[in-house]
Amino acid sequence: MLGYVTANREKLSLEDLETYRAYYCGLCRTLQTYYHQAGRLTLNYDMTFLYLLLTGLYEPEEQIRMGRCMPHPMKPHREVYNEAVRYCADMNILLAYYDMLDDWEDDRKLSGRLGSGLLKKGCTEIRQRWPRQAKAVEDYLRELALCEQRDSLEIDEASGLSGRMLEEILVYRQDEWEPLLRGVGFYLGKFIYLCDAYEDLEKDLKAGRYNPWKSWRDRPDFHEEAGRILKLIMGECARNFEKLPIIEHGEILRNILYSGVWTRYEIAGRKREKGTGNDDRSL
């Protein structure tokens, strides 16, 4: 499910692109600091979005540092830190741990077993710090497994589970902004789940795995209808986002929500229209 909430870099200004990278690098360094190299390797742009969102909403005091890292050893780069970065790093680890654990339990992927083992200690500490969020992820996986066992063809059922999980992740503080953050998280979670299922449809059918789109596959208007549903979902996500009093980084966040999140869906759609399927995981 990870990797959908990213920016469309071609449509960002150079200044916004540098800012985006600075938050990404700050999150990366924080993962390395608290969870070592194994934690750093779980870094994804989804939590960079959350870092920017919480920064734009709460406007915490920030520190900017210049640093180098193994992937970019020659050129120093900006890294942004504020009080939200540790929370985003924790949520990054929490989601990565359960994603890897699910890979091992469902598909017996050795990478899932090894990765979850490396993150287990850190995840135990995160569950103690953030019990509400950890419970949401655990409940999501348990209820999703039941949904898959029933082979539910209701696309709102499984995607709704994803939405309820992600809304808990987006709620950093239970304050006056909680309802709107829940709205952003709920619809974004639904969108991510259904996009992931759309991208993996042929592969899931071939492997005999659950996919809520399978009864839609042979419809001649499948791609258009899936797009219509996803646009409605993201419309609700954007409606909640636009009610938040965010000025700082607003253009980057809008780039992600209005453009970036559609990148992999559009690639998968073009593959389907050409009749090549969507087994290429390099998207």
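This passage walks through the overall build of the protein chain and then its cysteines. The model is predicted, so local features need pLDDT of at least 70 and side-chain atom pairs count only at pLDDT 80 or more, while totals for chains, interfaces and linings use all residues. Residues are numbered from 1 along each chain as its sequence is written, and side-chain values use heavy atoms, with hydrogens and water left out.

The protein chain has 11 helices and two strands, counted as DSSP runs numbered from the N terminus (helices are H or I with at least four residues, strands are E with at least two). Going along the sequence, the order is α-α-β-β-α-α-α-α-α-α-α-α-α. With a radius of gyration of 19 Å, close to the 19 Å that the globule rule gives for 283 residues, the protein chain is as compact as a globular protein of that length. Here the radius is taken over C-alpha atoms, and the rule is 2.2 Å times the number of residues to the power 0.38. The C-alpha trace spans about 55 × 45 × 40 Å along its principal axes.

As for the cysteines, a search of the whole structure turns up zero disulfides, a disulfide being a pair of cysteine sulfur atoms within 2.5 Å. The sulfur of Cys88 has its closest cysteine sulfur in Cys28, 14 Å away, which is too far for a bond. Cys88 is buried at 0% relative accessibility, and Cys28 is buried too, with a relative accessible area of 13%.

How values were computed: Buried < 20%, exposed > 50% of the residue type's maximum accessible area, 1.4 Å probe, protein only.
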